[in-house]
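Hi,

Here is the structure I promised to hand over. Please open it first, then read my notes below.

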Amino acid sequence: MSADMEARYRAALAEILADGASRLARGDAAMDVAVEAVRRLEECELFNAGKGAVYTADQRHELDASVMDGRDRGAGAVAGVTRVRNPVLAARAVMAHSGHVLLIGTAADSFAFEQGLERVTPDWFGTPQRLAQLEQARASASGQMLDHDGQQSVADAGGTVRTAGTAGAAGTAGSGEGPIDEQTKFGTVGAVVRDAAGHLAAATSTGGMTNKRPGRVGDSPIPGAGCYADDRSVAVSCTGTGEAFIRAAAAHEVGALMRIGGLPLAEACARVVFDELPTVGGDGGLIAVDTLGNVWLGFNTEGMYRGWVEAGGAPVVGVYRDE
């Protein structure tokens, strides 16, 4: 473990959470806070989203993101984008202006540029650390892909933002050199928020998995799998083995267990993470906040970069299980 690197992760999460708390305190909407938190995570190369995204098998970057608004279950997502600087902003633009839910590839990039979003060259996302990860994956005897997909994470791991009796949540899971073993660490980023008006929102963004097959799409841009929000129950953002989260419809399953099954937040989340996901080979975790402002940040792995904060309060950040 590098104490310096761990401190960098914790400081990055705390800074983003503090910004979210300030936005909630002044009355910003849940969707605005969630999207801005994830945008800031995309700008931080410590995490596997935006700048610092992992490489595909053909040494490129293919980025995915989604957002969901609990007020009307509006959703937007992009998959396989390669040139838009902030995929989470593109996902929100899809929700607001396209008439669709999910756009992919070059068409998604083109749509984002039509909406005035910033264009970058594909090499803008790369970092030396990510390239080294790709080379290590290629050289591995097993030839297995290193999975960095899942999320979560106001950062792809877990988190919460609470405002005077109401709460929003943000969580994060990072990738890159850090205190969790890089060979087994997931790197999606995400945020869940409950605002002062009681509305919920979720946002998720990822670079996927190191050495993934070109065209592979995980759970992060799929509403109900890696991202979900419904004012009647919960907002959820996930991180982990993306294929398993898709098969389990993990984020929606939490909401269904609460709204239809009558389970409280903690019990619903625990059932999905510890009971349902393992049956389909799912490793990872999720962050969630319910309509009452209760928060859950849990995982079935070694650790998860995560944090939560109340409006007017100090951020709480964790990495390991006992924090």
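Which residue is the bridge partner of Gly240 in strand 10? The partner is Gly284.

First, the ground rules. This is a predicted model, where local features need pLDDT of at least 70, side-chain atom pairs count only at pLDDT 80 or more, and totals for chains, interfaces and linings use all residues. Residues are numbered from 1 along each chain as its sequence is written, and side-chain values use heavy atoms, with hydrogens and water left out.

Now the sheet. Strand 9 (residues 234–240) pairs with strand 10 (residues 284–290) in the antiparallel sense, over seven bridges. Strands here are DSSP runs of E, at least two residues, and helices are runs of H or I, at least four, all numbered from the N terminus. To pair, two strands need at least two DSSP bridges between them. Four strands make up this open, antiparallel sheet, in the order 8-9-10-11. Strand 8 (227–229) and strand 11 (295–299) are the edges, each pairing on one side only.

Next, the cores. The largest nonpolar core has 50 residues. Such a core is a set of buried Ala, Val, Leu, Ile, Met, Phe, Trp, Tyr and Cys residues joined through side-chain atoms within 4.5 Å. Buried means under 20% relative accessible area (1.4 Å probe, protein chains only). Leu46, Phe47, Val67 and Val78 have the most contacts inside this core. A second, separate core has 33 residues, including Met68 and Ile287.

Best wishes
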